[in-house]
Amino acid sequence: MKRLSDVKRIGFGAMRLTGPGIFGPPADPAEARRVLLRAVDLGVDHIDTSDYYGPYVANDLIRETLHPYPPELVLVTKVGARRSDDGGWHPAFSPDEIRSAVHDNLGRLGVERIAAVNLRKMDGWEGSMADQWTVLAELRMQGLIGDLGLSSVSPAEVEELQQIAPVACVQNHYNLAHRQDDDFIDALNEQGIFYVPFFPLGGFNPLDVETLDGVAAKHGATSMQVALAWLLQRSPNILLIPGTSSVAHLEENLAAGRLKLDDEDLVALDKIG
Ligand SMILES: NC(=O)c1ccc[n+]([C@@H]2O[C@H](COP(=O)([O-])OP(=O)(O)OC[C@H]3O[C@@H](n4cnc5c(N)ncnc54)[C@H](OP(=O)(O)O)[C@@H]3O)[C@@H](O)[C@H]2O)c1
C-alpha cells in the first residue's frame, strides 16, 4: 500500500463535501461525487477525511463513489471527536472511543487498513495524549493503520508522543495569514515529518488580501492558486489538502502546482503573515 511519504504535494480535503456547518448531506450530492471522480481523474492520490464530517457523509460519499479504490490512493482519516444530533462537535477522546473510531472508519471507508490516522486534539483538552496515542500505536502494530499523525498539537506534544510511536505528519491550522507554526514547520522538516496545513485557503474565512490579488494578476493566476503555491514553496515537508465542493475550484487548486512564485512575490507575500 502506498504511504503518505509517496503522495503528490497537492491532495484533496473532503470536509467540504458535506452540508452547511459540516453537517448533513451536501446541497448538491451529484457535484460532490463529480468532485471526487475528477480528483482521482486528475491524479489526486491523497484524500483527507473523517467519520465526523457529516457525520459519515464524506466517508460514505468517498466509498460509494470511489470504491474499489485505485491502488495509488492514500486515504487519511482523523479521530478524536464525535457529532451530536444538533450538529455540535464533542470530544470522543477516551482510549475506547479512539479504538472504536478507527474500526468505524475502516468499515465506513470499506478498507482493511487506513494509510494514516490523525489523532485530533480537541479544544480544551489538557494533559497528555499518551493513552490515546498508545491505542493508535497498537492498532498500527496490528496492521490496521499505515502511519500515525497528530492534529492541532504543539512541538512539545510531538516530542512526547514520538517516544511511544513515530509521528509521520502534523495537521495544524496554517496559511499565508496564520503563521504561528512557522518555526514548528521548519523543525518538523528537519525531522522528516510532514506538515499538512488545514484551512490552507483560510477555511471558513477564505483569504482576502490585496497583495495576493496583485501577485495573482502578475501571473495570470487566481489568489487561491497563489496562496497554495506559496505553501508549496514555503517548505518541502508541506502537503496540501485544499477543500472544495466544486469541480471548478478543484481544477483551479490542482493547477496551482504549476505556478512558480519568484523572489519578489515571496518577499511581498511574506509581509501578509
Ligand atoms: N485537522 C483538523 O482539525 C481540520 C480542520 C479543518 C479542516 N481539515 C481538513 O483540511 C481540509 C482543508 O480545509 P478546509 O476545506 O476547511 O479549508 P480551505 O481548504 O482553506 O478552504 C475551503 C474553502 O475555500 C473555498 N475554496 C476552495 N477552493 C477555492 C477556490 N479555488 N476559489 C475560491 N474558493 C475556494 C471552499 O468553498 P467551495 O466549496 O465553494 O470551493 C471552502 O469554503 C478539509 O477539507 C479537511 O479535510 C482538518
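Residues are numbered from 1 along each chain as its sequence is written, and side-chain values rest on heavy atoms, with hydrogens and water left out. Because the model is predicted, local features need pLDDT of at least 70 and side-chain atom pairs count only at pLDDT 80 or more, whereas totals for chains, interfaces and linings use all residues.

The ligand is surrounded by 25 residues, and the closest are D48, L201, T244, S245 and H249; a residue counts as near the ligand if one of its heavy atoms lies within 4 Å of it. By class, this shell holds 10 nonpolar, 10 polar and 5 charged residues. Here Ala, Val, Leu, Ile, Met, Phe, Trp, Tyr, Cys and Pro are nonpolar, Asp, Glu, Lys and Arg are charged, and the others, Gly among them, are polar. Helix α9 (residues 247-255) gives the most to the shell, with 3 residues. Helices (H or I, at least four residues) and strands (E, at least two) are DSSP runs numbered from the N terminus.

An N or O atom in the side chain of T244 is 2.5 Å from an oxygen atom of the ligand. A polar side-chain atom of Q171 lies 2.9 Å from a ligand nitrogen atom, and a backbone N or O atom of G13 lies 3.3 Å from a ligand oxygen atom. The ligand taken alone exposes 900 Å², of which the protein buries 88%; these accessible areas come from the Shrake-Rupley method with a 1.4 Å probe.

Rolling a probe the size of a water molecule over the atoms shows where empty space is left. On a 1 Å grid over the protein atoms alone, a pocket is an open set of points with protein on both sides within 12 Å along at least five of seven lines, a cavity is a set where a 1.4 Å probe fits but cannot get out, and lining residues have an atom within 4 Å of a point. The ligand sits in the largest pocket, which requires that more than half of its atoms lie within 2 Å of the grid points. About 730 Å³ of space lies in this pocket, a volume being the space filled by probe spheres set on the points, which are joined across faces, edges and corners. It is lined by 32 residues, and M15, R16, F199, G203 and F204 are the closest to its centre.

The second largest pocket holds about 260 Å³. Of its 17 lining residues, Y56, A81, R82, A101 and D104 are the closest to its centre, and α3 gives the most to the lining, with 5 residues.

The count comes to 1 cavity of 30 Å³ or more. The largest cavity is lined by L4, H46, D48, V76, N118, C169, Q171 and V196.

Most residues other than glycine have a negative phi, and most peptide bonds are trans. In this model, a cis peptide bond joins G54 and P55, with omega about -10°, and P55 is found in the loop between β2 and α2. The bond from H67 to P68 is also cis, with omega near 0°. F199 has a positive phi of about 60° and lies in the loop between β9 and α7.

Key. A polar contact is a pair of N or O atoms within 3.5 Å; within protein, one must be able to donate a hydrogen and the other to accept it, and residues adjacent in sequence count only if both atoms are side-chain atoms.
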